[in-house]
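Q: I would like to go through the charged pairs and the surface of this protein. Could we begin with the accessibility of one residue?

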Amino acid sequence: GGTSMEVPEAAARNKRRRYSIEADLQVKVEGELFPVRSLLLMLASPVFGRMLELDMRESQEGRIELPGKSKEEFKQVLPWLNDLEPKVAVTVETLPVLLRWAREYEIERLTTTCERFLSGVEVSVPELKLALDFGLKERTEQCLSAISSNIGRHIGELQQICCHGEVMRHLWPSVFAAAGLSDPSKTLQAGVSAEIWPLIRAAVAHKSALSESYVGQDVHFDGYSGCKIKRVLDDMSVEIHVPGVGLCTAQPGEW
């Protein structure tokens, strides 16, 4: 009777605590062992959590091996896997590595931290592409808004993503306006081939150059002479300063 009680008790003592807030697990990367807390690891990453919950070899041995991974990269990611409140800041240099690991191992709080960092980085088309590649919704919206408001500045680089239908659906109205065209009668849902984009870029550049050439011109308007064009609007109408009257808006052909 006594022996039958000792065996399960000994087994219980020897059995590893599977999920702990103490360092009870090792992650092996390029031959180096990193002690981690299994409970925090599971909370931080559903991917690592599944490795342990499915009673795989990792769970049995108390060790997870990451073949093909860089230990230098893992060191950068480790605080978001093993600390309650990581004290490490995201930098321009570490961002690409952190985003890749966050996506592969579904480390949501690391993705959020990277996105918060990016919100302070100047918007550009490559930045929009980065946000799209890693599914950063808030950063994508921020980039789309900024690019739409100054489409002429970004029109050349937009060739990189012009085939992305969902993105172009948001940008087409601004592109049409920048080319001096009225909004399409229905929302365009599709992108275009990159080979066609130079034509669109040329249309926007032509309208921009034309607008610049108009500003400052002396014109006749509504019987007045000595009028001066002050600004060209998106639809190619112009604001004209009329002596003794002030600013007036004129459509093409009226001046």
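Predicted model: local features only at pLDDT ≥ 70, side-chain atom pairs only at ≥ 80, totals over all residues.

Q: Which residue does the side chain of D133 meet in a salt bridge?
A: The partner is K129, with an N to O distance of 3.6 Å.

Q: And where do D133 and K129 lie?
A: Both belong to helix α9, which covers residues 125-133. They are 4 residues apart, about one turn of the helix.

Q: What is the relative accessible area of K129?
A: The value for K129 is 33%, so K129 is partly exposed.

Q: Why can such side chains pair at all?
A: Side chains that carry opposite charges can pair when their charged atoms come close.

Q: How many salt bridges does the structure hold?
A: There are 11 salt bridges in the structure. Among them is one between E166 and R169, whose closest N and O atoms are 2.8 Å apart.

Q: Where are E166 and R169 placed?
A: Helix α12, residues 165-178, contains both E166 and R169. The two are 3 residues apart, about one turn of the helix. E166 is partly exposed at 43% relative accessible area, and R169 is partly exposed at 28%.

Q: What about E32; which residue does its side chain meet in a salt bridge?
A: The side chain of E32 meets that of K71, at 3.4 Å from N to O.

Q: Changing topic: which residues make the nonpolar surface patch?
A: The patch is made by I21, L39, L43 and L84. Its area is about 400 Å².

Q: Where is L43 placed, then?
A: L43 sits in helix α2, which spans residues 38-44.

Q: Buried or exposed, that L43?
A: L43 is exposed, because its relative accessible area of 66% is over the 50% limit for that class.

How values were computed
Residues numbered from 1 in each chain as written. Heavy atoms only, no water. Patch = residues over 30% accessible without salt bridge, like charges linked within 9 Å, V, L, I, M, F, W, Y side chains within 5 Å. Areas by Shrake-Rupley, 256 points an atom, 1.4 Å probe, with all protein chains shown as cover. Salt bridge = Lys/Arg side-chain N within 4 Å of Asp/Glu carboxyl O. Buried < 20%, exposed > 50% of the residue type's maximum accessible area, 1.4 Å probe, protein only.
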